[in-house]
Protein chains: 2
Amino acid sequence: MPKKVTIGLIQMSCDAPPKKNLAKALKKVEVCAKAGAQIICLPELFLSHYFCQGPKEEKWFDLAETIPGPTTEAFSELAKKYKAVILVSLFEKTKNKKYFNSIAVIGTDGQILDTYHKMHIPSLPPGLYSEDYYFSKGEEGFKAIKTPYATIAPLICYDQWFPEGARIAAAQGAEILFYPTAIGWPQIDRKWKNQAEYEAWQITQRNHGIDNNVFVAAVNRIGLEGELKFWGTSFVSDPYGRVTAKASSNKEENIIVSIDLDLIKEMREEWPFLEERRIKSENCQR
Amino acid sequence: MPKKVTIGLIQMSCDAPPKKNLAKALKKVEVCAKAGAQIICLPELFLSHYFCQGPKEEKWFDLAETIPGPTTEAFSELAKKYKAVILVSLFEKTKNKKYFNSIAVIGTDGQILDTYHKMHIPSLPPGLYSEDYYFSKGEEGFKAIKTPYATIAPLICYDQWFPEGARIAAAQGAEILFYPTAIGWPQIDRKWKNQAEYEAWQITQRNHGIDNNVFVAAVNRIGLEGELKFWGTSFVSDPYGRVTAKASSNKEENIIVSIDLDLIKEMREEWPFLEERRIKSENCQR
């Protein structure tokens with residue numbers, strides 16, 4: 001019997017007030033679940049504007065909340081109701097008062113299966129992605145999380161440029177890599193760079209799928225906020241890197257797509273990349 | 001002053017008799033050097049048909065030779081004459097009677113700068129790439145080799161599916177990754193797989209360039225040999241993964257192209273991926 005799973009990716013614009021974004025996200029999750037989505041993923045930090053651009057301001061720390069907390073509890077109810085797995089990206093404040101860029105993975109009984117703390121925290125070109133001011137770097141590494149539908153790895157935005165995260169998660173058994181994201185074009189003339197970066201973003205994620213024989217789901221926001229016009233173009237790619245679904249660059253869209261996890265096994269019979277790594281060889285440690 | 005280097009990639013068909021292939025390769029290297037190529041790369045195992053498909057036969061071990069040896073000596077003369085760096089792919093027999101799929105990197109004084117032994121040795125679908133019968137797996141790891149024109153990393157074919165090789169070589173300072181290759185379409189109906197694999201081959205190599213902010217040069221052979229129709233389509237891509245030169249799938253061609261190594265530095269100012277790896281974190285060892 002083929003091992004199929006239906007995933008739902010929510011591409012949305014994000015407004016300033018968290019309550020408004022939360023209400024919209026809950027509604028969209030419900031739409032996806034009703035349409036049959038079993039694993040549903042929201043974009044990075046969808047509860048607010050992407051506050052990591054522009055001046056570094058202490059006020060944004062007020063957005064942080066605990067996991068579990070009011071937001072995850074709202075999604076837990078939906079997860080339980082629809083027997084769905086939901087990936088919720090959040091600005092997290094832990095009990096020890098550490099701040100992380102996190103994903104709570106909520107299981108089909110509404111419980112938090114695990115929380116991933118973004119490992120790679122960007123402090124990129126002046127003022128566009130100053131995440132280092134707000135978030136500590138994750139300390140728990142990359143995670144493959146078992147769910148009733150598939151073993152999945154939550155990864156976040158900047159992680160997508162680092163093959164290590166994909167590799168380690170796949171070696172742990174991840175079948176689908178989820179990359180909630182907030183990335184876009186700066187509103188300054190950068191000549192060829194805007195297009196080159198946008199294309200590179202697709203290639204790098206598709207390739208993490210190829211090199212690890214797994215599926216990839218990238219979920220970006222849309223809209224113009226401050227200096228950034230977000231790319232949208234959320235997509236799903238298969239283990240061969242083929243894009244099987246892709247959203248527009250400027251519209252809210254739910255991608256609901258069925259994927260066949262058996263393709264992973266089939267590809268690995270011919271191309272068993274994970275098995276054939278030389279990571280124990282001399283000079284192969286970094 | 002921009003740091004430019006001209007590279008030459010030789011896409012050729014390979015015949016049965018090594019002497020014929022050697023004569024052709026020497027001529028093509030000379031053509032590239034006269035046209036200004038400073039670093040010249042030949043395809044994988046260009047001295048013969050790709051003997052690793054079909055029945056495993058002891059006779060092919062007769063092709064193996066030492067480094068230095070008659071073949072490298074012939075290229076050393078050209079290297080010296082034209083002040084070129086030449087990457088020569090060979091079936092190598094070492095003094096200790098080990099057999100490797102190797103690249104000799106010949107420097108501008110004709111000396112062997114270093115030899116790379118292919119780390120990932122395929123034993124892929126029945127009879128197509130049975131390299132494990134002929135070659136030991138490399139034991140010296142990945143190498144960044146300084147040359148007068150650029151620091152380069154020789155990698156070979158199947159290595160291209162493993163981000164580890166690219167990563168380690170780039171972390172050691174490699175600015176250009178060279179992938180001499182012998183890969184093609186099997187002459188059986190595999191439905192969508194032939195196209196998917198061909199596209200994946202380009203994506204994975206382009207992406208090693210992106211994730212490490214380096215240039216990539218892929219050099220494949222052409223022609224139909226036994227069950228394999230080789231892809232050709234040798235190419236050069238820049239640190240953003242943009243293909244700046246690409247050969248046809250069915251013609252002998254020399255790609256001679258100037259690349260600007262300063263783009264590496266420029267990209268790293270915005271996207272310093274190597275610096276920001278989390279390889280020392282808990283759970284980030286493999």
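Across the interface of chain B and chain A, 16 residue pairs are in polar contact, both partners at pLDDT 80 or more. The model is a predicted one. From chain B, strand 6 (123-124), helix 3 (163-171), helix 4 (193-212) and helix 5 (262-270) each supply at least two residues of the side that touches chain A. Helix 4 of chain B gives the most to that side, with 11 residues. By type, the residues on the side of chain B that touches chain A divide into 22 nonpolar, 11 polar and 18 charged.

Charge also pairs up across the contact. Eight salt bridges are counted between chain B and chain A. In one of them, the side chains of B:Arg190 and A:Glu270 meet at 3.0 Å, N to O.

Now the extent. The contact takes 51 residues from chain B and 51 residues from chain A. Together the two chains bury about 5,100 Å² between them, 57% of it on carbon and sulfur atoms.

Next, the symmetry. Chain B superposes on chain A by a rotation of 180° with 0.0 Å of shift along the axis, at an RMSD of 0.0 Å. The two copies are therefore related as by a two-fold rotation axis. The same surface serves both copies: 100% of the contact residues of chain B recur in chain A.

One residue within chain B deserves a look. B:Glu131 lies in the loop between strand 7 (129-130) and strand 8 (145-146) of chain B. B:Glu131 counts as buried because its relative accessibility is 1%, under the 20% cut-off. Its side chain makes a polar contact of 2.6 Å with that of B:Tyr50. Another, of 2.9 Å, joins the side chains of B:Glu131 and B:Lys118. B:Glu131 also touches other residues beyond four places away in sequence, including B:Glu44, B:Cys52 and B:Asn101.

Definitions and conventions:
Residues are numbered from 1 along each chain as its sequence is written. Chains are lettered from A and ligands numbered from 1 in the order in which they are written. This is a predicted model: local features need pLDDT of at least 70, side-chain atom pairs count only at pLDDT 80 or more; totals for chains, interfaces and linings use all residues. Side-chain values use heavy atoms; hydrogens and water are left out. Copies are superposed by least squares on the C-alpha atoms of residues with pLDDT of at least 70 in both. Contact means heavy atoms within 4.5 Å. Helices (H or I, at least four residues) and strands (E, at least two) are DSSP runs, numbered from the N terminus. Buried means under 20% relative accessible area, exposed over 50%, partly exposed in between (1.4 Å probe, protein chains only). A polar contact is a pair of N or O atoms within 3.5 Å; within protein, one must be able to donate a hydrogen and the other to accept it, and residues adjacent in sequence count only if both atoms are side-chain atoms. Buried area is the accessible area (1.4 Å probe) that two parts lose on being put together, summed over both. A salt bridge is a side-chain nitrogen of Lys or Arg within 4 Å of a carboxyl oxygen of Asp or Glu. Ala, Val, Leu, Ile, Met, Phe, Trp, Tyr, Cys and Pro count as nonpolar, Asp, Glu, Lys and Arg as charged, and the others, Gly among them, as polar.
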